[in-house]
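Here are some exercises to work through with the structure on your screen. Try each task yourself before you read the solution.

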Amino acid sequence: TWGRGGSDLTAVALAKALRAKRCEIYTDVDGIYTADPRICPDARKLDVVSYDEILEFASLGAQVMHSRSIEVGKKFDVPIVVRNSNFNGQGTLITKENRKMEEVVVSGVALNENEAKVTIFKVPDRPGVAAKIFKRIADGNINVDMIIQNKTETRTTDISFTVAKSDLARTLRVVREAASAVGARHVSCDEHIAKVSVVGVGMRSHSGVASRMFGALAKRKINIEMISTSEIKISCVVDGKRAKDAV
């Protein structure tokens, strides 16, 4: 089979080569859910979901199908069905987006507890400094997820970003060297964070999703440390101890 996620990827590729009507992936779950059922007992199984939504879920740490198989399915328009090998249920259909999907504003919630936040304090506020820092990080083959920069009144900025916990030790070594090289004050890290995200193609045509998400977190007295958005996704970094309450 073909590398990481190879069984799913090979199955989808074969479905395309054989001109099959769909590719059925049999697993130990009934399909794809709106949230992790182990965390959220009220999670509902999705009957249909778009390729883009599943790709977002995969990138956010949700334990669904491997992204490479979904990318191939999307590129060659191969419908994919995820269903339970021990139960003859309907499962979840992964297919191209249609207008009906946009009626559902949010398709699901993803939780990633395997990230850490790094903050560089008092970074000189001048062109090219951030580029130098992140070039060193890139040269170290470290993938950065969310980034936020706060400008201060002292002609300096504070830069925060998240990385995988497995990369944290290596990241700190690189970042401390980079911070010293550009004249930043100091570097700190926080391993006790988590990222909560909502995903849905309906966000393209509906407003107010962010305010509702932030309001739900506020009701639980959960503070938001970082925010990242895309066309069909909103992610918030929160206290890792409260993350499951957020979901």
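**Exercise 1.** Does valine 175 count as buried or exposed?

*Solution.* Before you start, note that this is a predicted model, where local features need pLDDT of at least 70, side-chain atom pairs count only at pLDDT 80 or more, and totals for chains, interfaces and linings use all residues. Residues are numbered from 1 along each chain as its sequence is written, and side-chain values use heavy atoms, with hydrogens and water left out.

- Step 1: get the cut-offs. Buried means under 20% relative accessible area, exposed means over 50%, and partly exposed is in between (1.4 Å probe, protein chains only).
- Step 2: look up the value. Valine 175 has 0% relative accessibility, so this residue counts as buried.
- Step 3: Valine 175 sits in helix H5; helices are DSSP runs of H or I with at least four residues, strands are runs of E with at least two, and both are numbered from the N terminus.
- Step 4: list the neighbours. Leaving aside residues up to four places away in sequence, valine 175 touches Val118, Ile120, Ile137, Phe161 and Val187. Contact here means heavy atoms within 4.5 Å.

**Exercise 2.** Work out how helices H4 and H5 are arranged.

*Solution.* 

- Step 1: find the geometry. The axes of H4 (residues 129-139) and H5 (residues 168-182) come within 9 Å and cross at roughly 155°. That makes H4 roughly antiparallel to H5. Axes are lines fitted to C-alpha atoms, for helices over the stretch in contact, with angles from 0 to 180 degrees between N-to-C directions; under 35 degrees counts as roughly parallel, over 145 as roughly antiparallel, 65 to 115 as roughly perpendicular and the rest as oblique.
- Step 2: see who meets whom. Val129, Lys132, Ile133, Arg136 and Ile137 in H4 meet Val174, Val175, Glu177, Ala178, Ala181 and Val182 in H5.
- Step 3: sort these residues. The contact has eight nonpolar, no polar and three charged residues. For the sorting, Ala, Val, Leu, Ile, Met, Phe, Trp, Tyr, Cys and Pro count as nonpolar, Asp, Glu, Lys and Arg as charged, and the others, Gly among them, as polar.

**Exercise 3.** Describe the hairpin made by strands S7 and S8.

*Solution.* 

- Step 1: check the pairing. S7 (residues 144-151) and S8 (residues 156-164) pair in the antiparallel sense over six bridges. Two strands pair if DSSP finds at least two bridges between them.
- Step 2: pick out one bridge. Isoleucine 147 has phenylalanine 161 in S8 as its bridge partner.
- Step 3: look at the turn. Four residues lie between the two strands, and arginine 155 in the turn has a positive phi of about 60°.
- Step 4: zoom in on S8. Threonine 157 lies in this strand and is buried, with a relative accessible area of 2%.

**Exercise 4.** In what order do the four strands of the open sheet run?

*Solution.* 

- Step 1: read off the order. It is S5-S10-S12-S11, with antiparallel pairing.
- Step 2: find the edges. S5 (108-112) and S11 (224-230) each pair on one side only.
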